[in-house]
Amino acid sequence: MRFAIFDKKLVPEPLLSEPQTTQTIAKIGEIPQPSRNLHFQYCNDVRKRLIGKQLLLDEIPHTLDEIHQHYEQGYITLRKGIVFEKGTPRCQRCGNQKPHLFSSFPCSRCRELCTYCRKCIMMGRVSTCTPLYSWSDSECQSARETANLVWNGTLSFGQQVASDEVVKAISTNDDLLVWAVCGAGKTELLFEGIRYALSLQKRVCIATPRTDVVQELTPRLQAVFPQIDVASLYAGSPDRHKYSPLTISTTHQLFRFYQAFDVVIVDEVDAFPYSMDETLQYAVQNARKERSSMIYLSATPNQQWQKDCRQGKRNFVTIPARYHRKPLPVPELKWCGNWDKKLKQNKLPPNVMKWLKIRLDMEKQALLFIPKIELIPKLLAILQKLDSRIEAVHAADPERKAKVQSMRQKDIPILVTTTILERGVTFPNLDVAVLGSEEQIFTASALVQIAGRVGRSAQYPTGNITFFHFGRTEAMLQARKQIQNMNAEAAKKGMIDIE
Ligand SMILES: [Zn+2]
Ligand SMILES: [Zn+2]
């Protein structure tokens, strides 16, 4: 679309009554913003759709006329989709500024050669002639919603300390890292902070990289905050236009938000793809209000963050022990020679074979983590000779959910898996082995998560984790060190019972 400036206002070309000089929004210097007419009767549906959002025209089911009217009366703000800084484009929706992730095309909407962002094209095209539409303020003055917390559980000592810190960070609009070991019970420690924020009419978002986590968290939070209509956002979710004081969203869906939230809780900051993808980090930053609080949850912060914590540059709280007060099982490192070569001869290293046979004999379930999906056919051919019920799973496996379910029902004794099961799954009585733990995909953070699968339940708080490797790596040593450090801290603070 093209715009004219008329009477110090932006007017879209289709609404001009007579011909005027028009331009694409990118070429207009500062975009004029009319002041608010307090006598104007705005449309509540427009408000609900646009508050705290940044949407393309195509994403707003209202007429251009109606949208323009709200702009003229000072209720809608337009921002440039693409800005040029010294001639190089930057996408304001996703933050992309890599030149190779932009393209140009002869655009029928602006009749020029138009530059667009390829990085976020899956959410609709942002180009030099595309405005991003937002409601002009992000305060939610909606009817006071009551936010009673309906929960009868008790927090462990560590959870309580963290919960208090979360409340404090929210009250002072600060950032906080909650560094909690796998199995510490991180969802519960958020309840009080969320209740407190909602009671102050603050808008809260829990963002997580993965859709299945959104789907799992939504009913849990809906149950403890029954009076709140929780919005659950992931690709294809029905709640896309729902306005709620409590939103649970994949980090991807945050691209449509702009200065929306007073509290953003980012779950698994270390998890792929969030840690890899700068634009997702941009989306999270963009979605928070200027004065807001950010709570990061992680079991495995990266090296830089750990350093920042040690040097006092980052506000953080640790939960070094699990709810059941038993120490975290520490991984064993075992050399297994050139396992890749062995596999090509249709064999497994003897110590790996022995480890698996012991689990089968004891009838103890196990996960065997492998570095790449291509190994699965060879491994299954070997392992199914030991026990025909052994299965394998990977990210693109259509039967992934069914296999995890069979594992839960103990129909599968050993499940071979790629890193897809490194987090999020809990099986009560489990041992874990990693084959080829020296491979790059097994970062320190991945290995801590994998080790974190073991000993989670109070009934079976122990278990074996073995990293079978063809040469120790820094990542393996760091992972083990991190776990040992947490145990030492927990012992010092009296958070674990040592027999
Ligand atoms: Zn973009
Ligand atoms: Zn265009």
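Reader: Leaving aside its neighbours within four places in sequence, which residues is Val264 in contact with?
Author: Val264 is in contact with Cys205, Ala207, Val284, Ala287, Arg288, Ser292 and Met294, where contact means that the C-beta atoms, placed from the backbone, lie within 7 Å. Please keep in mind that this is a predicted model, in which local features need pLDDT of at least 70 and side-chain atom pairs count only at pLDDT 80 or more, while totals for chains, interfaces and linings use all residues. Residues are numbered from 1 along each chain as its sequence is written, and chains are lettered from A and ligands numbered from 1 in the order in which they are written.

Reader: And in the largest nonpolar core, which residues touch the most other members?
Author: That core has 135 residues, and those touching the most other members are Val178, Val264, Ile265, Ile295, Val432 and Leu447. A nonpolar core here is a set of buried Ala, Val, Leu, Ile, Met, Phe, Trp, Tyr and Cys residues joined through C-beta atoms within 7 Å; a residue is buried if 20 or more other C-beta atoms lie within 10 Å of its own, exposed if 12 or fewer, and partly exposed in between.

Reader: What does Val178 stand opposite?
Author: Val178 stands opposite Leu297 in S14. Strand S9 (175-180) runs parallel to S14, joined by five bridges, and S9 also pairs with S15 in the parallel sense over four bridges, with Leu177 opposite Phe316. Strands (E, at least two residues) and helices (H or I, at least four) are DSSP runs numbered from the N terminus, and a pair needs at least two DSSP bridges.

Reader: How many residues of S9 are buried?
Author: Five of the six are buried, so S9 is largely enclosed by the rest of the structure.

Reader: Switching to H3, which of its residues are buried?
Author: In H3, the buried residues are Gly158, Gln159, Ala162, Ser163, Glu165, Val166, Ala169 and Ile170. They cover an arc of only 165 degrees around the axis, which puts them on the same side of H3; the arc is taken from the directions from the helix axis to the C-beta atoms.

Reader: What covers them?
Author: The cover of the buried H3 residues includes S9, helix H4 (191-199), and strands S13 (261-267), S14 (288-298) and S15 (316-319). Just after H3, Asn173 takes a positive phi of about 55 degrees.

Reader: How is the chain divided into domains?
Author: The division is into domain 1 (3-135), domain 2 (157-319) and domain 3 (332-492), with bounds from an automatic or database domain assignment. The C-alpha centres of domain 1 and domain 3 lie 50 Å apart.

Note on methods: Two residues are in contact if their C-beta atoms, placed from the backbone, lie within 7 Å.
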